[in-house]
Amino acid sequence: MSTTIETPDAGEVCASCESRIFDHNPVCVRDCTDDCGSPSYFCNYACLSSYIDGEDLTVGESCAWSPE
């Protein structure tokens, strides 16, 4: 699977909080299980984590783990 890397526009905003991403520590995320669609940008890992929780993106996607 091949993708191209491009620097987002200077005014690109966070997909979660809508702050300008370059005012922080930006993170780029792409869903490459489905044709590597358009990237989503987050201003930092906290916003990415909040977005994941808010969209229930981990439901049914994590490995089963048992401490026993």
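Predicted model: local features only at pLDDT ≥ 70, side-chain atom pairs only at ≥ 80, totals over all residues.
**Figure 1. Asp 56 comes after the helix α1.** Asp 56 is not a glycine, yet its phi is positive. Most residues other than glycine have a negative phi. With a relative accessibility of 51%, Asp 56 counts as exposed.

**Figure 2. Glu 18 also has a positive phi.** Look for Glu 18 in the segment before β1, the strand of residues 27-29. Its phi is near 65°, and Glu 18 is a residue other than glycine. Is Glu 18 buried or exposed? At 62% relative accessibility, Glu 18 counts as exposed.

**Figure 3. Asn 44 reaches across to Ala 46 at the start of α1.** Now let us visit the beginning of the helix. Here a side-chain oxygen of Asn 44 comes to within 3.0 Å of the backbone nitrogen of Ala 46.

**Figure 4. Phe 42 and Tyr 51 form an aromatic pair.** The structure holds one such pair. A pair of aromatic rings is described by the distance of the centres and the angle of the planes. For Phe 42 and Tyr 51, the centre-to-centre distance is 5.1 Å and the planes are 55° apart, so the pair is tilted, the class between 30 and 60 degrees. Phe 42 is buried, at 1% relative accessibility, while Tyr 51 is partly exposed, with a relative accessible area of 29%.

**Figure 5. The largest pocket holds about 250 Å³ of space.** Twelve residues line this pocket, and the closest to its centre are Val 29, Arg 30, Asp 31, Ser 40 and Tyr 51. Two elements, β2 (40-42) and α1 (45-54), each give two or more residues to the lining. Which element gives the most? That is α1, with three residues. By type, the lining divides into six nonpolar, three polar and three charged residues.

Figure 6. How many disulfides does the structure hold? The count is zero. Cys 17 counts as partly exposed, at 38% relative accessibility. Cys 28 is partly exposed too, at 47%.

Note on methods:
Residues numbered from 1 in each chain as written. Heavy atoms only, no water. 1 Å grid on protein atoms, 1.4 Å probe; cavity = no way out; pocket = protein on both sides within 12 Å on 5 of 7 lines; lining within 4 Å. Points joined across faces, edges and corners; volume = space filled by probe spheres on them. Helix = DSSP H or I, 4+ residues; strand = E, 2+ residues; numbered from the N terminus. Nonpolar A, V, L, I, M, F, W, Y, C, P; charged D, E, K, R; others polar. Disulfide = S-S within 2.5 Å. Buried < 20%, exposed > 50% of the residue type's maximum accessible area, 1.4 Å probe, protein only. Phe/Tyr/Trp six-rings, centres within 6.5 Å; stacked < 30°, edge-to-face > 60°. Polar contact = N/O pair within 3.5 Å; in protein donor to acceptor, adjacent residues only side chain to side chain.
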